[in-house]
Amino acid sequence: MNADTLPDTLLRILADKEAELRERAAATPIGEMERRARDVGRPRDFTGALCDAVAEGRIGLIAEIKKASPSGGLIRDPFDPAGLAQAYEAAGAACLSVLTDAPWFQGSPADLVTARSSCALPVLRKDFMIDPYQVFEARAMGADCILLILAALSDAQARELEEVARGLDMSVLAEVHDQRELDRALGLHTRLIGVNNRNLRTLQTDLATAEALVPQIPADRIPVAESGLRTPEDVRRMAAVGARCILVGEHLLRQPDVTEAARAMVQAG
Ligand SMILES: O=P(O)(O)OC[C@@H](O)[C@@H](O)c1c[nH]c2ccccc12
């Protein structure tokens with residue numbers, strides 16, 4: 001990627017990721033991490049769970065578990081990944097997304113392990129993937145899907161990371177912000193194309209981003225509208241342009257009754 005054109009926050013996050021990666025790989029070499037990834041059992045079907053929800057006429061909700069974020073500050077305290085996983089499952093969410101990044105989102109691999117073992121839902125490791133090591137690490141901690149942020153990756157990197165995930169039978173969510181990134185994402189195998197409504201430079205969300213890009217996604221792919229969704233009306237706006245799968249975090253996490261809030265979104269479509 002051309003570092004000159006990357007938004008500042010993303011650049012700083014990626015620099016921290018490089019350092020974290022070096023540290024982790026020194027503690028557990030990649031060969032050992034790959035062995036753990038292959039030993040952990042079969043992943044849950046993340047893409048299938050979204051397809052099933054949509055086929056049954058529901059919204060395919062990927063419900064997010066995160067304690068904090070650069071744009072939202074501290075979002076939920078006390079933070080209980082097991083309780084949240086169960087609340088989301090009870091609400092009819094199709095999948096979970098769990099932040100594992102520590103410096104910027106106060107997440108950890110332990111949050112993913114705890115959340116996944118507390119429910120039967122497939123889980124996305126929400127982190128900044130730049131190296132195959134992290135894909136093995138994701139599977140070893142139980143993740144069923146990884147996120148590829150096209151803005152942070154070259155085409156060669158994205159292809160390499162996708163190949164590793166496919167070799168482990170994991171799903172891949174390719175995330176885009178504009179037409180150029182969408183065109184690049186369509187060069188990948190994955191059917192899951194996430195359109196992030198959050199502008200990486202301003203950190204503001206605008207549902208118009210998904211409204212413009214989702215109609216450009218071919219019918220053999222599965223569009224996922226990400227970020228900034230707060231109301232059932234927002235969900236209907238996304239469904240109206242063709243995104244019946246959504247990724248929602250902050251709004252749900254700020255509610256006292258998480259199950260009730262998540263159910264309202266699942267049933268909005
Ligand atoms: O909390 P929100 O606005 O509902 O957004 C959820 C999710 O889309 C957001 O957390 C996200 C989308 N892409 C990311 C990449 C990295 C970290 C976080 C994200």
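In helix 4, Leu84, Ala87, Tyr88, Ala90 and Ala91 meet Val258, Thr259, Ala262, Arg263 and Val266 of helix 12. Residues count as in contact when their C-beta atoms, placed from the backbone, lie within 7 Å. By class, this contact of helix 4 with helix 12 has eight nonpolar residues, one polar and one charged. Here Ala, Val, Leu, Ile, Met, Phe, Trp, Tyr, Cys and Pro are nonpolar, Asp, Glu, Lys and Arg are charged, and the others, Gly among them, are polar. The axes of helix 4 (residues 81-91) and helix 12 (residues 258-266) come within 8 Å and cross at roughly 35°. Axes are lines fitted to C-alpha atoms, for helices over the stretch in contact, with angles from 0 to 180 degrees between N-to-C directions. The crossing of helix 4 and helix 12 is right-handed; the term means that the near helix is turned clockwise from the far one by less than a right angle, and left-handed means anticlockwise.

The model is predicted: local features need pLDDT of at least 70, side-chain atom pairs count only at pLDDT 80 or more, and totals for chains, interfaces and linings use all residues. Residues are numbered from 1 along each chain as its sequence is written.

Ile30, Met33, Glu34, Arg36 and Ala37 of helix 2 meet Tyr133, Phe136, Glu137, Arg139 and Ala140 of helix 6. That contact holds six nonpolar, no polar and four charged residues.

The protein has 12 helices and 10 strands, taken as DSSP runs numbered from the N terminus (helices H or I, at least four residues; strands E, at least two). Along the principal axes, the C-alpha atoms fill a box of roughly 45 × 40 × 35 Å.

Around the ligand there are 14 residues, of which Glu226, Ser227, Leu247, Gly249 and Glu250 come nearest; a residue is near if its C-beta atom, placed from the backbone, lies within 6 Å. Strand 10 (245-248) and helix 11 (250-253) each supply at least two residues of this shell. The shell has four nonpolar, five polar and five charged residues.

Most residues other than glycine have a negative phi, and most peptide bonds are trans. Aspartate 77 and proline 78 are joined by a cis peptide bond, with omega about 0°. Proline 78 lies in the loop between strand 3 (73-74) and helix 4. Aspartate 169 has a positive phi, near 60°, and is found in the loop between helix 7 (155-167) and strand 7 (171-176).

Terms used
Two residues are in contact if their C-beta atoms, placed from the backbone, lie within 7 Å.
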